[in-house]
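Subject: The model I promised you

Hi,

Here is the structure for you to open next to this email. Have a look around it before you read on, and then compare with my notes.

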Amino acid sequence: MDKQQVLTKMTDAGLVAVVRASNAEDAIRITDACLEGGCPSIELTFTVPGAAKVIEALASKYTNGEMLLGAGTVLDSETARQAILSGANFIVSPGFNKGAAELCGRYQIPYMPGCMTITEILTAMEAGCDICKVFPGDIVGANFIKDVKGPLPHAKLMPTGGVDVSNVDKWIKAGAVAVGAGSSLTKGAKTGDYADITATAKEFIAKIKEARAAL
């Protein structure tokens, strides 16, 4: 899947599941539950023990293009390269890293760095980043998206942090091309209720569709 196909599939669904887990088995079960709920974009963070091997396992399990497999919490180019070689389709970072941006650009892999100011967004865009992750989203709020898109209407922004089913419509209506959801989506895993994750993913997708239809 090439870069543009990845970006299109991600933004079409509008939801990226941020998967954090204490072990590989839980990470895979959370991923399965998110996919069942209609969320094709999975960001497997490098805080998961043996993250590269988990990415390899998921890449081997899903080979028909039903999943966009990303690596999150990528802090440097070395980790980005490891993730890409393991099968990651996109790279996400909590902050901008020039080396990671250059490496992803070299291999035409979408790189989405965390940004919290308009200067950081401009820096990322100038480095070739197609989507900027607005992070932490709960600190800046949905109006930040709307305000940034005043002077930068072409900026593609994806909030992560503080996004849940009760406010996802506000982010979409403010101009977000997609949203990232972690604990608000995957909290069922703490009690082994993976069906709750699937149900929540379905609710997220429905709310995103409703918000887009209202624009």
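Residues are numbered from 1 along each chain as its sequence is written, and side-chain values use heavy atoms, with hydrogens and water left out. Keep in mind that this is a predicted model: local features need pLDDT of at least 70, side-chain atom pairs count only at pLDDT 80 or more, and totals for chains, interfaces and linings use all residues.

Let's start with helix α4. Its buried residues (buried means under 20% relative accessible area, exposed over 50%, partly exposed in between, with a 1.4 Å probe and protein chains only) are Thr-79, Ala-80, Ala-83, Ile-84 and Ser-86. Looking down the axis of α4, these fall within an arc of 160°, so they line one face of the helix; the arc is that of the directions from the helix axis to the C-beta atoms. Glu-78 and Leu-85 sit on the other side of α4 and are exposed. Among the elements covering the buried residues are α3 (51–61), β3 (68–72), β4 (90–93) and α5.

How do α4 and α5 meet? The axes of α4 (77–86) and α5 (98–106) come within 8 Å and cross at roughly 30°. (Axes are lines fitted to C-alpha atoms, for helices over the stretch in contact, and angles run from 0 to 180 degrees between N-to-C directions.) Ser-77, Ala-80, Arg-81 and Ile-84 of α4 are in contact (heavy atoms within 4.5 Å) with Gly-99, Ala-100, Leu-103 and Cys-104 of α5.

Helix α1 (3–13) has a buried side too: Lys-3, Val-6, Leu-7, Met-10 and Ala-13. They cover an arc of only 140° around the axis, which puts them on the same side of α1. Gln-4 and Asp-12 are exposed on the face turned away from it. The buried residues of α1 pack against β1 (15–19), β2, β3, β4, β5 and α11 (194–213).

Now look at Ser-41 in strand β2 (41–45). At 0% relative accessibility, Ser-41 counts as buried. Apart from neighbours within four places in sequence, Ser-41 touches Met-10, Leu-15, Val-16, Ala-17 and Leu-68.

Most residues other than glycine have a negative phi, and most peptide bonds are trans. At 22% relative accessibility, Thr-73 counts as partly exposed. Gln-108 also has a positive phi, near 55°, and lies in the loop between α5 and β5 (111–115). A cis peptide bond joins Phe-135 and Pro-136, with omega about -5°. Pro-136 is in the loop between β6 (132–134) and α7 (137–140).

Which residues lie nearest the centre of the largest pocket? They are Val-18, Arg-20, Phe-135, Thr-160 and Gly-161, out of 16 lining residues. On a 1 Å grid over the protein atoms alone, a pocket is an open set of points where a 1.4 Å probe fits, with protein on both sides within 12 Å along at least five of seven lines; lining residues have an atom within 4 Å of a point.

Enjoy exploring!

Notes. Helix = DSSP H or I, 4+ residues; strand = E, 2+ residues; numbered from the N terminus.
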